[in-house]
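User: Hi! Could you walk me through a structure I have just opened? I'd like to go through it bit by bit.

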Amino acid sequence: MIRRPPRSTPLYSSAASDVYKRQEDQIMMRDVCRRFVDNTIIPFISKNWKTEWDLTPESRLPNSILEDADKIGIRTLAVPEEYGGMPIDAEHEVRTFAIISEEIARGDSGLADKLVQNWKVSVLLRELASKEHQDMWFGKLMEDPNFLFAHALTEPKGASDRWLGYNAPEAAMDTKAKKVDGGWLINGRKHYISNGYDAGLYVVYANTTPGKGMMEGTSSFIVPRGTDGFNITRCNETVGCRYMNNGELEFIDCFVPDNNLLYEGSALSKAGVYFRPGKIIQSAKNLGVGQAALDKTAEFVQNYSRGGRLLIKHQIVASRLADMATKVSAVRSLVMQAAFACDMKTSDADALCWQSKVFASQQILDVCQNAMELHGGMGAMLDAGVEKLMRDASIFLHMDATVDISHFKIVKALWPETAGVYAGPEE
């Protein structure tokens, strides 16, 4: 019996064409990653489902998982080839990120997010960091298979809602960096930071010019773990994606030298090199969770009988399964269209990236809800693994921006001349 429909990841050769062009290196990477997920990640998650709930964060994911990921090259995507990173064609990089993200998240979305932070910060470092810092930090990343990067942007008083201001000074960072002799003093807090609890290097954003809009007054800094005045205060216990340790950070007169300034003033604009791919990667992680939910459900309904016949032979079950498959395929199509636009830097890339993020988070949550319901009581059992997919999908609605803020960004991208400004003094 064929239990799973054939799956493929189409690579669009043009934004408006039905013609797909497969790249041999991407197919190879996808297949290697797929075997890693099938042979290592899924068996580990299934056998060790209780470790997800271990309240000692260091005990959740064994070092061997990241070491195995490192062996196949997926831990250090985006690291320049000269430092030992995997060579990726620049014109297909975002599509490659999407393909690999989907596969990893199919095994576990927390692990995917753990690895994704390395990719995104690597993009920033290779584009903005000095040769000295690239030598140091790409070197450490390649030497230690458990070394992680983190991107510290979100704060207790402002996350994706900060973007509503579209550069209003009132939306500026609460974390401040003050210029002093030989460097900068950072004071403030960051929270909900992916890899925040256990990263070895952080890119930290802070307001350096009070009174200016956040697009002109925000600078970014390279802050290593263990820097005086930099404290990791807690690991957040999240409902989903628990194999990525989300952290809270505190900066109290944290001194960093001048050469640790990554970009001054317009750091958020420069971070655009990773913001767009970040939306694609987030959408692809959603997609991987949805594919896992579809796979589990398709297998279940083709092997369990109720009322004297296989579940799939009941019309309502077949209808729901078809709807799940359609939504997964629709999400994949939009994600790959957006990834192509991002690779090609087309004029509609911003809108497509935000649209794929919103569409994926909403549709995959629905797919996972159907998966739980079609599994009946088994869907709520921790050791069955279906409820985990539902938990993971539930937090995608606000990862990398909430749905509502994303809607505003879509409007801003499509109709910039008439879109509203939602922060700052009322006229």
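This is a predicted model: local features need pLDDT of at least 70, side-chain atom pairs count only at pLDDT 80 or more; totals for chains, interfaces and linings use all residues.

User: Is Asp 108 buried or exposed?

Analyst: Buried: its relative accessibility is 2%, and the cut-off for buried is under 20%.

User: And what is Asp 108 in contact with, leaving aside its neighbours within four places in sequence?

Analyst: With those neighbours set aside, Asp 108 contacts Ile 41, Ile 45, Tyr 243, Lys 388 and Asp 392.

User: Nice. Moving into helix 4, what can you tell me about Ala 112?

Analyst: Ala 112 belongs to helix 4. Its relative accessible area is 1%, so Ala 112 is buried. Apart from neighbours within four places in sequence, Ala 112 touches Ser 101, Ile 104, Ala 105 and Lys 285.

User: Now the helix packing. At what angle do the axes of helix 4 and helix 8 cross?

Analyst: Roughly 165°, and the axes of helix 4 (residues 109–128) and helix 8 (residues 272–301) come within 10 Å. Angles over 145 degrees count as roughly antiparallel, so helix 4 and helix 8 are roughly antiparallel to each other. The crossing of helix 4 past helix 8 is right-handed.

User: Which residues make that contact?

Analyst: Helix 4 brings Ser 109, Ala 112, Asp 113, Val 116, Trp 119, Lys 120, Val 123, Leu 124 and Glu 127. From helix 8 come Val 273, Tyr 274, Gly 278, Ile 281, Lys 285 and Val 289. By class, the contact of helix 4 with helix 8 has 9 nonpolar, 2 polar and 4 charged residues.

User: What about helix 4 and helix 5, at what angle do they pack?

Analyst: About 160°, with the axes of helix 4 and helix 5 (residues 131–143) 11 Å apart. That angle makes helix 4 roughly antiparallel to helix 5. Here the crossing is left-handed.

User: Who's involved in the contact there, and how many are nonpolar, polar or charged?

Analyst: Asn 118, Ser 122, Leu 125 and Arg 126 of helix 4 meet Gln 134, Trp 137, Phe 138 and Leu 141 of helix 5. By class, that contact of helix 4 with helix 5 has 4 nonpolar, 3 polar and 1 charged residues.

User: Switching to aromatics: how many aromatic pairs does a search of the whole structure find?

Analyst: It finds 9. In one of them, the rings of Phe 230 and Phe 251 have centres 4.8 Å apart and planes at 5°, so this pair is stacked. Phe 230 is in strand 6 (residues 230–235) and Phe 251 in strand 7 (residues 247–257), 21 residues apart, and the pair links distant parts of the chain.

User: Which residues form an aromatic cluster?

Analyst: Trp 137, Phe 147 and Phe 149 form one.

User: Last one: where is Glu 24, and is it buried or exposed?

Analyst: Glu 24 lies in helix 1 (residues 24–47), and with 72% relative accessibility it counts as exposed. Glu 24 and Lys 120 are 24 Å apart, C-alpha to C-alpha, and 96 residues apart in sequence.

Note on methods
Residues are numbered from 1 along each chain as its sequence is written. Side-chain values use heavy atoms; hydrogens and water are left out. Axes are lines fitted to C-alpha atoms, for helices over the stretch in contact, and angles run from 0 to 180 degrees between N-to-C directions. Helices (H or I, at least four residues) and strands (E, at least two) are DSSP runs, numbered from the N terminus. Angles under 35 degrees count as roughly parallel, over 145 as roughly antiparallel, 65 to 115 as roughly perpendicular and the rest as oblique. A crossing is left-handed if the near helix is turned anticlockwise from the far one by less than a right angle, and right-handed if clockwise. Contact means heavy atoms within 4.5 Å. Ala, Val, Leu, Ile, Met, Phe, Trp, Tyr, Cys and Pro count as nonpolar, Asp, Glu, Lys and Arg as charged, and the others, Gly among them, as polar. Rings of Phe, Tyr and Trp (its six-membered ring) pair if their centres lie within 6.5 Å; planes under 30 degrees apart count as stacked, over 60 as edge-to-face and the rest as tilted. Buried means under 20% relative accessible area, exposed over 50%, partly exposed in between (1.4 Å probe, protein chains only).
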